[in-house]
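This briefing covers nonpolar cores, sheets and salt bridges. The sequence and the structure come first, followed by the notes.

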Amino acid sequence: MRAFQWLSRRYLYSSVVEPPELVGDSVVVVNCSHRGETWIAAGVLLLILNAVFFPFLWGKKTLLASSVAPSILPTGPLYSSPVRSTRLLDPGSPAWQFEPSFALTHREYLSENNVPLWNPYRAFGTPFAATMQPQPFYPLTILASLDPGPRTLDIFYVLRIFLAGLFAYLFFRFFFSFFPALSGAVSLMLCGYFMVYFSLSHLSVEVLVAAVFYSVERLLRKPALQSILLVACIFFVTVVGGMPESAFLLWGYGYAYALFRLITAADLRRDWVKRSKAVVLASVLGFSWAAFLIFPFLELMRVSFDVHQFHNIGVFAGLEHNDLHGSGYALLRTLVSYLVPLLQGPPFQNIFTKFNGYNGLSAYLGTIPATLAIIAIVFSIREAICRRFDSTIYLGLFFFTSSVLFWMKKFGSVAVNWIGRLPVFNLIIYYKYLEVLQAMAIASLAAIGCSYLLDRRIPAKWIVLPVCTVLLGLVIVLINTFPLLTRPSTVNSYFFYIGLFSAVAMLLLMLAGVFCFREGCEASNPVLQEHGAKRSTLGWCIVLLISAELSLNFLVPMLYIFNRPPRAKPSAYDGAPYVDFLKANTGVKWRIFGRDLLLFPNWSEAFGLFDVRSLDAMYYQKYFHFVRFFLKTAANPGTGDLVNRFIGTGDYDFGSKRQIRFFQLGSVRYLVAPFFLTDPDSLIGQLWHQNIGKLKGTPKVAIVPNFTIDGVTKPSLLEHPLFTRLPLHIHVPYKNPVLQFSIGIDSAVYAPPVVGGGVTFTVEGRDLHGRIRKLFSKYIDPKHNLAERRWFAEEISLRQYRGQSMDLLFSTDGGKDTRNAWSGWADMRIEGAQEVGPVKFTKVYDREVKIYQLDPVLPRAAVFHNVEIANDDETALSRLADPDFDIFSTAVVSAPTLKSSDQNLLQHIRNLPGERAKADITHYDSQRVTVSATLDKPGLLVLNDTDYPGWKAYVDGRMKNIISTNYLFRGVLLPPGSHRVDFKYEPNSFRIGLLLSCFSLLCAGIAVARACRRNNQ
């Protein structure tokens, strides 16, 4: 029974009520190892998480962002319903950058038996582990990748948050009794930063903020081998967690804390050299263990495009900050939003702007934790003024000072903002990623404040003053905001009132609990069975209040009230019929391109499909330059696609020769388009695609698949008068040069309520010399003429333009009243007309989406017998974009990648007649591609995959130089004969890092073995 003594009432009160034993101004480590109470704390934290996330952990709902964001379809999985409200900040990011990677990690570990270093399915191939965000070496990610799916990832997300609470409890238990430690743990675990970003990848690092402090504090107290290994393990996990910015901030904060403790704690200061060496050794060891990932990451940074480095964006990311516009009231209102997160409505649904626009939420702390933090601040400053110092007072001063500095950096105070210019520091976006450090500081202060209430027996006035301060701030915000609440543009003002009321109610409940059990708190020698029980009851009340507030003030409303929790099935991992079609037809020979939120990046990698698009924090610089060079137009110069991503929502009309050349060079054979896009083979489809760059965002032109007039439905292009001269470029045939089409006006013009009027339809012709001639004009007024409430079939003779290319100009004019006067053009055709454009579109799939096949495009692997040499990469790009250059017979190589041994063979190839021979891909996995080629004369084998550093080529087992071909791709020179060419990803950065990691791991193993031998002796 002794093993279960911690379950007894007497043990519970004695262990959880009494603070740890103090020695000098520090705490004995052994008293923090109450295994029983640690199990109780862990059980309470799990119980809270199970209560909040029960439908997701045990029911049929899911936390996956891909269930409420574009993934397989614009609405999410197949057969899913669109989400009603934005439930989180940055709700789509995990759906596009994190969740698909679990399926790829699963494939590379279990199917290919590869270390997941390379992703061949995105952006012509891109580094996988080195980009950090997929975090394939993170322990929880490895477990989740064994069976990626809704239930697995739901557990993954919740377990990460549990780690934050558990390590916070262990850290706080060094200094406080059970309930203050548990209160601080709950405050951190349910903090706003974790809740508004709980499914994002970077939380894998940030949930370890308390683990950093716990391991550092443990090492400072007992700088033994076990503590050194613990710090090294935490360091390693924060690195492989996939967010270098957060890891840098966490350890910077942890080192600052270690320095502060060495300065202020007398017992630690006595042997500060030994402890400092232990911290340095542990950090070096952790860095060495993670070197196999750090080195490839540094290699990628050297050749990457991202929005952090100055040379990419022209500004220092570290200087960015949030702005405070207005008086001091603006700051107060911002601070109050940290107490009441839904004060101005849900994210991106601001009640003051008609439920549109960002509400200013970036994180929240909660009213009860903030009030406890103020208690800690006030009492710590009071004790410091009176020169009564101990470890708790020092701890309060440290976290208070750091919290103030974080606020100053967040809002760009000149006193601290300069740090954003320093090397390394200038890469971090502080206003976002400092929030987790702020949450740690406030949770620590909340634990200190709770300790003062339960353990230090502070006077009642020190409790009332902070509560009144918070109440006064809420009242000031109410008074100043009341005029905004009465404006016509304000909707759903109950958000504001309910938020304030709930915050006040929580404060009064806490105040009532404190005064109800005050005699238990103030007794100088509490009797265990009486006063200890009262303090225990007050402790449970505080834990319950913190849990209830932080759960109910944001998470529960956003997950269950304003939104319907999405079902776990169907899931984006289940795919769709069109995905199966692509898998059956593309193989390793062709790539795909999805339009307008279809197969949204990066879901192609979840199904083994090769997609030219990519959404990531870091790109191979040459890839991003390649994409921008061919696809960027005047219509998207500064916003949207191609600014810092390539997701397929830009103005890609496929009528531009430069855009078409991008798809031809990249072996993009299949275009996935939304179901409502018209067939590019039709003239209506060509009319839309040729003008899509001009029409994007205009409210006056639209494509409708089912425009109905008088019961007859036709796919149509609609114009809303007044719209002048929408051009269609065509080639008029000699035989039967007649344009046939139908016109009609929306029935809303004459259906109740009757609004709008007649419309004049006009078609003009413009020849190659720019001369314009009217070809057709007809006025229709179905509002007043019953006979005109139908489709009109019309035709125009184009005999004068036979054999010529010309423009047809379509216009509509509605006169004075144009309401509801949508004018439809349909059934447009010219028998025998030739398509205008460098590529042919053939519809090959027409169910839940449309899939078009593009011809001709280059194969993934081919042998060229005609080669041009470009002096540099820019020259190569310009040559590829030249309309007169034949990319199907000639390849362009970059001179800087040529070796002297290549020159003779290359010169011989350049003198051969231009043609292209076939090459077959016989094996393809993430890190090895095998190509078989038979040549009757020397040639250049081109594999349309990225020529990223680390790839090596072996021809018949012998290493050959890889030549940068067509700017971005891999080329290898081959002599006549049959050859097997193996491309292998063998980055030296990974190999050197792995050697260092293995060496440091071996050293750690030897140290552990020696320690065990000494203990046995």
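Leaving aside neighbours within four places in sequence, Phe53 is in contact (heavy atoms within 4.5 Å) with Leu63, Val158, Met195, Leu555, Leu559 and Tyr560. The model is predicted, so local features need pLDDT of at least 70 and side-chain atom pairs count only at pLDDT 80 or more, while totals for chains, interfaces and linings use all residues. Residues are numbered from 1 along each chain as its sequence is written, and side-chain values use heavy atoms, with hydrogens and water left out.

**Nonpolar cores**

- A nonpolar core is a set of buried Ala, Val, Leu, Ile, Met, Phe, Trp, Tyr and Cys residues joined through side-chain atoms within 4.5 Å; buried means under 20% relative accessible area, exposed over 50%, and partly exposed in between, with a 1.4 Å probe and protein chains only.
- The largest nonpolar core has 293 residues, and Phe53, Tyr578 and Phe983 have the most contacts inside it.
- Helix 23 (residues 435-454) supplies the largest share of this core, 15 residues; helices (H or I, at least four residues) and strands (E, at least two) are DSSP runs numbered from the N terminus.
- A second, separate core has 41 residues, including Ile709, Ile796, Met806 and Ala821.

- Four strands form an open antiparallel sheet in the order 11-16-13-14, where two strands pair if DSSP finds at least two bridges between them.
- Strand 11 and strand 14 (772-780) are the edge strands, each pairing on one side only.
- The twist averages 20 degrees from one strand to the next; axes are lines fitted to C-alpha atoms, for helices over the stretch in contact, and angles run from 0 to 180 degrees between N-to-C directions.
- Strand 13 and strand 14 run antiparallel and are joined by 8 bridges; Thr760 has Tyr779 in strand 14 as its bridge partner.
- Helix 31 (residues 683-690) lies across strand 11 and strand 16, at about 115 degrees to strand 11.

- Four strands form an open sheet of mixed pairing in the order 6-8-19-18.
- Its edge strands, each pairing on one side only, are strand 6 (591-594) and strand 18 (840-846).
- Neighbouring strands of this sheet are turned by 25 degrees against each other on average, direction ignored.
- Strand 8 (residues 668-673) pairs with strand 19 (residues 850-855) in the antiparallel sense over 4 bridges, and Leu671 stands opposite Tyr852 in strand 19.
- Helix 28 (residues 577-586) packs on this sheet and touches strand 6, strand 8, strand 18 and strand 19; its direction makes about 175 degrees with that of strand 8.

**Salt bridges**

- The structure holds 27 salt bridges, each a side-chain nitrogen of Lys or Arg within 4 Å of a carboxyl oxygen of Asp or Glu.
- Glu217 and Arg221 form a salt bridge at 2.5 Å, N to O; these two residues are 4 residues apart in helix 11 (residues 209-221), so about one helical turn separates them, and both are buried.
- Arg725 and Glu764 form a salt bridge at 2.8 Å, N to O. Arg725 lies in strand 11 (residues 723-731) and Glu764 in strand 13 (residues 759-766), so the pair ties together parts that are 39 residues apart in sequence.
- Arg725 is partly exposed at 39% relative accessibility, whereas Glu764 is buried at 10%.
- Asp807 and Arg766 form a salt bridge at 3.2 Å, N to O, linking strand 16 (residues 805-813) to strand 13 across 41 residues.
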